[in-house]
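Biologist: I am new to this structure and would like a close look at one strand and its surroundings. Please take me through that part slowly.

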Protein chains: 2
Amino acid sequence: MIAPRYHVLGIGNALVDVIAHAEEDLLLAHGMRKGGMALVDEAQAEAIYAAMGPATEISGGSAANTLVGVASLGAPAAFIGKVKADGLGRAFAHDIRAAGVNFVTPAAADGAATGRSLILVTPDGERTMNTYLGAAQHLRPDDVPPELVSDSAITYLESYLWDPEDAKAAFLKAAGLAHEAGRLVALSLSDAFCVDRFRPEFLDLIRSRTVDLTFANEAEVKSLYQTADFDSAVAGLRDDAALGIVTRSEKGCLIVTREETHAVPAAPIARFVDATGAGDLFAAGFLFGLARGCELATAAEMGALCAAEVIQHLGARPECSLRTLAEQSGYAV
Amino acid sequence: MIAPRYHVLGIGNALVDVIAHAEEDLLLAHGMRKGGMALVDEAQAEAIYAAMGPATEISGGSAANTLVGVASLGAPAAFIGKVKADGLGRAFAHDIRAAGVNFVTPAAADGAATGRSLILVTPDGERTMNTYLGAAQHLRPDDVPPELVSDSAITYLESYLWDPEDAKAAFLKAAGLAHEAGRLVALSLSDAFCVDRFRPEFLDLIRSRTVDLTFANEAEVKSLYQTADFDSAVAGLRDDAALGIVTRSEKGCLIVTREETHAVPAAPIARFVDATGAGDLFAAGFLFGLARGCELATAAEMGALCAAEVIQHLGARPECSLRTLAEQSGYAV
């Protein structure tokens, strides 16, 4: 097997984040579930936007953020996701390419506008997301170039893709192609309510080894195994997944296989500003480490380092070179 | 004379800032003058954008930033400026209204796109701007509602308006209306090269008392009086202006009239991130203080406080309530 050209290929919703500071009252007034992600239609998105404070627009999208992180660490990275040829779509394409990610999915000429995630950051730094998928949900199997998948060491998929039928088909096509080429497939569980909607399907993806690596945070793994007990949930993941990665915010993370368990602490931070992107950037560091052949615990440390960078500023993409940061922290990148 | 409804009305270019971190090399490669503002056409704007790194989009515009600052301090504020009915125009209108500023100028249905300022922030925190005015340059005298001007204690104009002929006419109309109503007119010199292009006209505006307050930074006041000697430049402004306000970055500011001089130090900061908006927010605090009837030195201190907030993060608009900040610093707002 020849060495793959890309360390990681991400497939996900191409979104622009529209971020504003907000008081808890605003969340209550709109019946939002704090800390979660809700899919909204265009009319709801308009209503929330009208109620939001002054906003900052920064390219986002869960898997897209991860791939920008992988590129920032210095590894070849690619991304597949759908935008429309409008202002936000142009910004998304510019930003991900400027970050060094190979992004080739053609923009839709018509139809729904480029998707956006309206993100409300409360004074405690927690982020609550309302996402209008727009063009992103029209990602189709045709948008997945087979050679791109087979030329990537790891194909990384976000669970958010599981909502639209076409995107789900694209997801499964990519997972199949990756395994045919002898590559790894990784899945991020993305959101506890997303897990709740598709639990049997996600469990099947994991148990059937359609995915090799499963990323989850505490709420997601509990939702997956329908338990309030963290240890039981982790035990479930250990049994089912080839490799399970559970992130726990300031409590660090657990890496579990049937043979091994590694508990890795969170990296220190000077100030906590905005949780947006923490999980995405953890995945970036971990996937990078894994693709470079690091030990699992080392890969997790690199994930923690990347997550720590992104929670110290607004927005879900790194504001400095993660490669430099990793080097300064003593990692051989 | 009845009390005016608005403390400050701003008239300026309605722009969205597209901000990216950049190395000095990029400035050199594109022949940019570091720290300055250059007007660019659409093709130049495209070329610079293509060369820029991942960007953050935040509503901007010099006078618009100032008015957002005035509103954040808790005073009634209004703004006049031209956008197009496109994505960026929508974001501009949303953001300035969400900040509490009365913004009523109708968006253009066709013609040039909403203007944008491509801002490159170098590692030293300096910002270099390339502005495509787009729709902003089509601001016309008809866009200035006479009752809005007469109902504002201070009408604040940015020199950048002096470039397009229609905007210049709108500027003069507003200044005339303000004085007819017994209100004050303030001018920000905006940029040293802007001063260089229109020196005789700006001197005439100041000497004829078409404007009462003149804001300038060190480079601008030197350019206005064509001297490298700061003291001579300030002496010139003292002679010519009813009230001169000269900002000097970390050296604080000077407030000069023929009778008085006040040197006010800069406010302390924890970390310097991005100079964008420093002058705009200084003007916000100063105008707010003046409209509230504070002493000149106190108004300058409030200006320094607001400038200190905005240079500690990316973007030219405050990220916290300036009213709260001012209260915490002991000012009665």
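**A covered strand**

Modeller: Strand β11 of chain A, residues 213–217, is mostly covered, with 5 of its 5 residues buried (buried: 20 or more other C-beta atoms lie within 10 Å of the residue's own, with C-beta atoms placed from the backbone). Helices (H or I, at least four residues) and strands (E, at least two) are DSSP runs, numbered from the N terminus. This is a predicted model, in which local features need pLDDT of at least 70 and side-chain atom pairs count only at pLDDT 80 or more, while totals for chains, interfaces and linings use all residues. Residues are numbered from 1 along each chain as its sequence is written, and chains are lettered from A and ligands numbered from 1 in the order in which they are written.

In a regular strand, side chains alternate between the two faces of the sheet. From β11(A), L213(A), F215(A) and N217(A) point one way, T214(A) and A216(A) point the other way, and all are buried.

The strand has partners, where pairing requires that DSSP finds at least two bridges between two strands. With strand β10 of chain A, residues 184–188, β11(A) pairs in the parallel sense over 3 bridges; here F215(A) is the bridge partner of S188(A). With strand β12 of chain A, residues 243–247, β11(A) also pairs in the parallel sense, over 5 bridges, and N217(A) stands opposite T247(A) of β12(A).

A helix belongs to the picture as well. β10(A), helix α7 of chain A (residues 192–207) and β11(A) make a right-handed β-α-β unit: with the strands pointing away from the viewer, the path from the first strand over the helix to the second runs clockwise.

Note on methods
A residue is buried if 20 or more other C-beta atoms lie within 10 Å of its own, exposed if 12 or fewer, and partly exposed in between; C-beta atoms are placed from the backbone.
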